[in-house]
Amino acid sequence: MIFRRMACAIAALAGALAIAGSVGAQDPDTATRTITVAKDKSAAFRLDQPVGEIVVASPEMVQLVATTDHGFYIRGKAIGTTNLLIYDRAHHLTEVVDVQVGRDLASLQSDLATALPREHIIASNFAGGVLLTGEASTSAAAARAADIAEHYAPKEVTSQVTLRAAQQIMVEVRILEANRTALHDMGFNLTAQNASGLNISTGTGLITGEPPAGTFNIGGKIGKTSVDLTLAALETKGLVRTLARPNLTAMSGEEASFLAGGEFPYPVPSGLGQVTIEFRQYGVKLKVTPTIEPSGEIRLKVAPEVSQLDPAHSIQIDGFLLPSLDISNASTTVELKDGQSFAIAGLFQQSYNNSVNQVPGLGNLPVLGSLFRSASWQRQETELAIIVTPRLATPADDISTLPNPLPNGVEPSAIDLILAGLTEKPGPAGAHPPTP
């Protein structure tokens, strides 16, 4: 009895192995092909001969429905690869079909063509995700293509898109600040003194305390009383102009900065009785971020700033004299074509103040009251204008085509400097200044 049971088990095992061999074994002459199906979409296929049976290796990955004995359609259920074993009616393996379930590349390619019609970007299935290849005109276009592909394969996008040209932008900036000041100061000094020692004096000169540019004196006697009248006057006006012309070059999407000025020490408390010195920047500063759009326009984010030390408003803290800063700044974002310019103007600030010093009561007298008061008025106007021009830039192959801020010359010898007064000797034709 035990022997019969063992014999039956061996026979059953042999039968199972035979079936598995008939299913999994593949004749070298068996036809093989590969088909691709998008996930959550169906595709129809037709066979060359009648089919008896189709075996799906991974039913959880694809769904197969036979329509006729010569055709079927298959729907992708999960990303991956599997295969189909196709048998004829005699249960002979006639064909092996490798099935790749990937992303919906047809829809992705259509969206890429709609959003980026001028680009040549191709999407392919790659390692369960999407591979982008081809060429783009700008880095912004390549990034846009990757963003579109992310909707079809989140976090599974590999981009090997190359740029047809280097995307470097040179930004020419012109910063002009005009500071106009005007001051009028006028004061009367009236002094009267008699022999008995009575002395009357009104006025203290100019309110600003500055020395007058001109004085007018009248002196005389009325009886035994001597009278002196002095008119002091001062008028000042001036124009301060600050001009900077920085040229910056940056890659598309990267920030470039510029500073023409300096740094001043600034004490910062760091503990009980301890002070740390930090340095603050001042001068003409500029931050610019150029980005090339898929349309070819250049998107500019510009943040210029002009600042200068103002000793007149300094404060003293713990023995440190801290200067203040006069600052004019702006921030804006615009889109321009290559070589176009835009201006930020009208950043205008005006201040006005006046003051009067007078003898109480007497200064309010009509006409004669002007002899008993001093007056001043001051006006200050500041205007800032900024002009920005972006240009697409490419590296130069010949160094001689680059601008040379230094003349072609060499350092003079001691004899040339002392005897001839030469600070620089002309160098050979075509020479360039040494590279620092």
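Two residues are taken to be in contact when they have heavy atoms within 4.5 Å of each other. The structure is a predicted model, in which local features need pLDDT of at least 70 and side-chain atom pairs count only at pLDDT 80 or more, while totals for chains, interfaces and linings use all residues. Residues are numbered from 1 along each chain as its sequence is written, and side-chain values use heavy atoms, with hydrogens and water left out.

Leaving aside neighbours within four places in sequence, Leu300 is in contact with Val171, Val288, Thr289, Pro290, Thr332, Thr333, Val334, Leu336, Val388 and Pro390. A nonpolar core is a set of buried Ala, Val, Leu, Ile, Met, Phe, Trp, Tyr and Cys residues joined through side-chain atoms within 4.5 Å; here buried means under 20% relative accessible area, exposed over 50%, and partly exposed in between (1.4 Å probe, protein chains only). The largest such core has 23 residues, and Ile175, Leu300 and Val388 have the most contacts inside it. Two or more residues of this core come from each of β12, β16 (247–251), β18, β19, β22 (342–358) and β23. These strand labels, like the helix labels below, follow DSSP runs numbered from the N terminus (H or I, at least four residues, for helices; E, at least two, for strands). A second, separate core of 17 residues includes Leu112, Ile121, Ala142 and Ala149.

Helix α3 comes next. Its 14 residues (139–152) should span 20 Å at 1.5 Å a residue, and the end C-alpha atoms lie 21 Å apart, which agrees; the expected span is 1.5 Å times one less than the number of residues. Ala140, Ala141, Ala142, Ala145, Ala146, Ile148 and Ala149 of α3 are buried. The cover over these buried residues includes α2 (105–115), β8 (120–126), β9 (129–136), β10 (157–159) and β18 (274–292).

Salt bridges were assigned where a side-chain nitrogen of Lys or Arg lies within 4 Å of a carboxyl oxygen of Asp or Glu. The count by this rule is four. One of them joins Glu172 to Arg391, at 3.1 Å from N to O. This pair links distant parts of the chain, with Glu172 in β12 (168–193) and Arg391 in β23 (373–393), 219 residues apart. Glu172 is buried, at 18% relative accessible area, whereas Arg391 is partly exposed at 34%. Another joins Lys285 and Glu305, at 3.3 Å from N to O, and connects β18 with β19 (298–317) across 20 residues. Lys285 is partly exposed at 21%, while Glu305 is buried at 18%. A further salt bridge pairs Asp40 with Lys39, the closest N and O atoms being 3.0 Å apart; Lys39 is partly exposed at 31%.

An open sheet of three strands shows the order β2-β5-β4 with antiparallel pairing, where strands pair if DSSP finds at least two bridges between them. Its edge strands are β2 (42–46) and β4 (62–66), each pairing on one side only. Between β2 and β5 (71–76) there are five antiparallel bridges, and Phe45 has Phe72 of β5 as its bridge partner.

Finally, Asn199 lies in strand β13 (199–202) and is partly exposed, with a relative accessible area of 48%. Beyond residues up to four places away in sequence, Asn199 touches Thr191, Ala192 and Gln193.
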